[in-house]
Number of protein chains: 2
Amino acid sequence: MAKNKYAVGVDLGGTNIKIGLVEANGKISKKISVDSCASEGPERVLSQIKSGINLITENCKGKIIGIGIGAPGAVKLKKGTVENPPNFPGWNKVHVGNILKKEFKCDVYVENDANAAAIGELTYGSGRKYKSFVMVTLGTGVGSGIIFNKEIFRGDAGIAGEIGHVSIDYKGPQCRCGNYGCLEAYLGNSYLVERVKRDLNGNKESMITGLVRGDYNLLTPKIIHAAAVNNDPFAVSVVKDCGNLLGSLLASVVHVLDITTFIIGGGLAGFGDLLFEATENSARERVMKPFKERIKILPAKLKNDAGIKGASALVFYKS
Amino acid sequence: MAKNKYAVGVDLGGTNIKIGLVEANGKISKKISVDSCASEGPERVLSQIKSGINLITENCKGKIIGIGIGAPGAVKLKKGTVENPPNFPGWNKVHVGNILKKEFKCDVYVENDANAAAIGELTYGSGRKYKSFVMVTLGTGVGSGIIFNKEIFRGDAGIAGEIGHVSIDYKGPQCRCGNYGCLEAYLGNSYLVERVKRDLNGNKESMITGLVRGDYNLLTPKIIHAAAVNNDPFAVSVVKDCGNLLGSLLASVVHVLDITTFIIGGGLAGFGDLLFEATENSARERVMKPFKERIKILPAKLKNDAGIKGASALVFYKS
């Protein structure tokens, strides 16, 4: 009997490193989460990754065909170098790929986490049927990975797809990145929560006030969603507005790339149909005629453990 | 002695068809312009192209290695099909490439005119030293051709690079295309002229009023430029404003594509250094840190006959 093939998927985050043993169909057969120890420097982070991989591969009865790593920050493919990942102090350039290759004597693929998420959807998820799409993650930040003709479109230095920092209003609110009117300055979790707080403090009526018992510091996108699901008019308008803004941005992305399928994941994707419909309507209304019929806005399929699955998909995608 | 190699470049426009015999270094050795006769339908346009090519290749002492055509509208490469070009009534899909190949028994390359302009700059112009850039044409419309790794980036259906219809303000003025706040709705020639007229009618002081002898219907971008060159404060502010808006758009394009070199051509590029400096400052200020040092905004090198040269470059680029 042929041995099962497994990939190790490593989701490198600023707080935790999530590691999973993943089958070729995307099923996670075993997973762990270890502390990143990011504040103790890159050596320590690497040793956490190594011991995590050792733990997860112990007693594995199948064949491990490679390790995939989704990392924040810029990634250079050649040596699997991760450069200046945010929230990893003292980390300049570390050849994570080469180091792990030497340690584990197998193929190691390192990718930017947004690209890994896109490869995850391409391999196991909503992107399987499409040759080109943009995987948009709506979380603390807004990021994306671009798949063109079944390959990652990386741009010149490997950092294409920063669509959270496409401006939808050149006179808009300033974003942490310095630019004005970036989509992230509207839909990034903290920006959205702040905006809703301002509206509520400005005496907008909403059941949200009851849900947080009057303490707006407890406000989260989940609570906005809960109120919207209960047909709270203010919460519904917030979700629809998010869709309108996202759709207007996606229309611009369509005009640049001539790619018309978008897969949406991350926390705000939890807003569900209300968000997806508003997004699709807005994008379709705004794109030029030849694109209108082609627009597709789909929810991401990999939800929990998307990071581990995306990282493991790097292995299956290459082999 | 080896025969010189020539390409025929055909610039298909709604009013005129410009045809040139072009050497491998981009030098035009002979050129003509014939009426497009677009209103008489595609058969007539094709016969105009054919007789123009016959005229230009008559008595040619070198070897003609191919014909390149820059056409408006969407182009399908396979049969050199030109689809629904604006300003060509009754034209649905015409296999221009295949028809001319049969007629002239040589290689024929058909491209969208914005892509042909980009290939022109890549082959003979400001793009020779760059592996990736976006060629932006600021004319009646605002279009672009994307070069990535020395190749045209076409997107899924061959119509990538519609950056004139990237919105810089989702609540902005409506564009002819239906979307709101498209760059073209600010910088397209007629939009720009209308905006300046409105300001002048609103009693803005400017030497422009004297230059058009009080008749704002005579206003053109060239007149705005003439006033700006003479340090007219209003005209200078108009040009700088164009640069600011263009720069804010280019920053967004950088964030999507991770391509940081832009070559600017078309009428408004005549605004010169004042425009280029404002564009570069605005783009550099707005892009994220890893892109800042890489931003380059260059004037197009092919000015007159850019259409013919770009079309001929399709031949040399492929062979």
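This is a predicted model: local features need pLDDT of at least 70, side-chain atom pairs count only at pLDDT 80 or more; totals for chains, interfaces and linings use all residues.
**Exercise 1.** Determine how chain A is divided into domains, and describe the side of domain 1 of chain A that touches domain 2 of chain A.

*Solution.* Begin with the division itself: domain 1 of chain A covers 5-122 + 305-318, while domain 2 covers 129-299. The centres of these two domains, taken over C-alpha atoms, are separated by 28 Å. Turning to the contact, domain 1 of chain A contributes 12 residues and domain 2 of chain A contributes 13 residues. On the domain 1 side, strand 5 (74-76) and helix 3 (113-124) of chain A each provide at least two residues, and helix 3 gives the most, with seven residues. By class, that side of domain 1 of chain A holds nine nonpolar residues, one polar and two charged.

**Exercise 2.** Decide whether P233(B) is buried, partly exposed or exposed.

*Solution.* First locate the residue: P233(B) belongs to helix 8 (residues 233-257) of chain B. Next, count its surroundings, which amount to 13 C-beta neighbours inside 10 Å. A residue is buried at 20 or more such neighbours and exposed at 12 or fewer, so P233(B), with 13, counts as partly exposed.

**Exercise 3.** Describe the side of chain A that touches chain B.

*Solution.* The contact draws 34 residues from chain A and 34 residues from chain B. Within the chain A side, helix 8 (residues 233-257) of chain A gives the most, with eight residues.

Terms used:
Residues are numbered from 1 along each chain as its sequence is written. Chains are lettered from A and ligands numbered from 1 in the order in which they are written. Domain bounds come from an automatic or database domain assignment. Two residues are in contact if their C-beta atoms, placed from the backbone, lie within 7 Å. Helices (H or I, at least four residues) and strands (E, at least two) are DSSP runs, numbered from the N terminus. Ala, Val, Leu, Ile, Met, Phe, Trp, Tyr, Cys and Pro count as nonpolar, Asp, Glu, Lys and Arg as charged, and the others, Gly among them, as polar.
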